Number of protein chains: 2
Amino acid sequence: MHFGDQLTAAIREKGVAACVGFDPVLEKLPEAIRPKDGASDQDAAAAVVAFGRGVISAIAPHVPVIKINIAFFEPLYAAGIDAYHELVRASHEAGLLVIGDVKRADIGHTSTQYALAQVGGGSNDVAPEAIPDAITINPYFGIDGVKPFIDVARRHGRGLFVLVQTSNPSAVEVQGLVLPDGLTVCQHVAKLVERWAGESNVVGESGYSLIGAVVSPRDLASTVVIRDLMPHSIFLVPGFGAQGRTAEEVSKCFKSDGTGALVAASRSVIYAFATGAHYAKHGEDWAACVGSGAKEFVDSLRSVLPAVSASA
Amino acid sequence: MHFGDQLTAAIREKGVAACVGFDPVLEKLPEAIRPKDGASDQDAAAAVVAFGRGVISAIAPHVPVIKINIAFFEPLYAAGIDAYHELVRASHEAGLLVIGDVKRADIGHTSTQYALAQVGGGSNDVAPEAIPDAITINPYFGIDGVKPFIDVARRHGRGLFVLVQTSNPSAVEVQGLVLPDGLTVCQHVAKLVERWAGESNVVGESGYSLIGAVVSPRDLASTVVIRDLMPHSIFLVPGFGAQGRTAEEVSKCFKSDGTGALVAASRSVIYAFATGAHYAKHGEDWAACVGSGAKEFVDSLRSVLPAVSASA
């Protein structure tokens, strides 16, 4: 299966281009399952898995995609990596597509190793079902750092999201540098992504490539430019909710037909049990709070993006 | 201890600014220890550890630093991560400084998680001795993706090398873009690195910062420019040997007093047993071949960089 087609179909089926980001911080886990101070990595990882399984069940009725950020698993070392892949597999079993937010990249022969690990066929101990459907990668090395990811992803029917414009304020220090042609560095990266993503062997029947882009809108005008520069890429748009992008900015990441983007919210959903309104409704049932956080996210996304649900 | 001071002292002690890169590919391991097809991740990781222990013992008399690339461990998942940290610890026991080549980066609160894992104090199961002394990071997010790494590294007496100019041909696609002021993107990144690295709370008694830079020289003129832009940073210079930088290009990464850079060679040393000359001398004793590869690397580096050994 082609990842661009698979993602397009999954969004259509659930009727909303929404993705929940899973960034588990131990101290923020629900009290009932939070690991004790001094817990072994194994015990802490088990708590993260328990939390993740609850989140997955709670969000699966509402959204087509979960984005699991490996950075939050790495502090638990080997136990964390096992937990990450266990939750990728659990997400698949719940019918979710999975984006592994790993932001890897290196020079060519090293990128190949990252690609085999993160978006390949697994190993003798890690099943293909425990590997994400797509991952995020960093473009700083240019095409020969990216090419091995494309080759491995294509071979295994998986996808990529290249970092183009990130959501942090200081992203402009590098990404926002203006070139003599008036484009910023990240707009230039967008042109490179289109060069890679528009090749016929990576574009699916949906018209979308297996190569998408991470784009956090900064302002309306530049978002329109960057959307036009990458017609073949589905945008992964972070920061709905906690990172505070406006509805109009986010809407410009979509094409006029309502396709072309996937909007992510993380903390506002997975920690919904810590916010008054959800708690008032569901009390100590943290999974129910997460479900109602996911529903709220999806409803608010639908309300600002009528075209998205209309495409269902 | 301050990482810039520690690295400066280690180079002085061994009398050469050389670093061996450990990038283990299973298929290239010495036949005697190569894992069988279909080996479990655990067994394959054990082979990598056996190889690594041999390499560490062979190179420790010759070089002050080993750079271990985590990308080559990730395809073995949890077992690979255990192997990586076991070899970091073994390197420390052999008296080597360790650079973890991990090339991580993300937005702020996610970078904090990567930093805690890769350059922090370890966990309840991974001892501080099993954590590298420094790691490589990617600058694409600007300062707020980098700052958490600086904070965590400083707190734990560790260091960083920010990717500035990488060795792959297509690096120019992004890093080589020329800005209106005539500087390239990577030279602009070099200015940012100096802004971060030159702050008084990260500069050690040696005059060098705990924040270094990965710089692969592209040509003489631009290397002089980039050396001048980052006076407080020790350069990690890849590509001596297999990646084919000339001696003169590499020498421009050093300051006139012979300090300021650490030159890495990987495949030409760790796979020395696969090359005719070393094999002819040592036969099936692959560790002896690696030792003689390390000696050859160090000798050739000393011959082209007299100032470096003179600073000993």
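Trainee: Leaving aside its neighbours within four places in sequence, with which residues is H62(A) in contact?

Mentor: This is a predicted model, in which local features need pLDDT of at least 70 and side-chain atom pairs count only at pLDDT 80 or more, while totals for chains, interfaces and linings use all residues. Residues are numbered from 1 along each chain as its sequence is written, chains are lettered from A and ligands numbered from 1 in the order in which they are written, and side-chain values use heavy atoms, with hydrogens and water left out. Contact means heavy atoms within 4.5 Å. On that basis, H62(A) touches K14(A), V16(A), G291(A), A294(A), K295(A) and V298(A).

Trainee: Where is H62(A) placed in chain A?

Mentor: Helices (H or I, at least four residues) and strands (E, at least two) are DSSP runs, numbered from the N terminus. H62(A) belongs to the loop between α2 (41-59) and β2 (65-69) of chain A.

Trainee: Why does H62(A) count as partly exposed?

Mentor: Buried means under 20% relative accessible area, exposed over 50%, and partly exposed in between (1.4 Å probe, protein chains only). H62(A) is partly exposed because its relative accessibility is 21%.

Trainee: Which side chain of opposite charge is nearest to D23(B)?

Mentor: Lys and Arg count as positive and Asp and Glu as negative; His and the chain ends are not counted. A salt bridge is a side-chain nitrogen of Lys or Arg within 4 Å of a carboxyl oxygen of Asp or Glu. For D23(B), which is buried, the nearest such side chain is K67(B), 4.5 Å away, and D23(B) has no salt bridge. D23(B) lies in the loop between β1 (18-22) and α2 (41-59) of chain B, and its contacts include H109(A) and K67(B).
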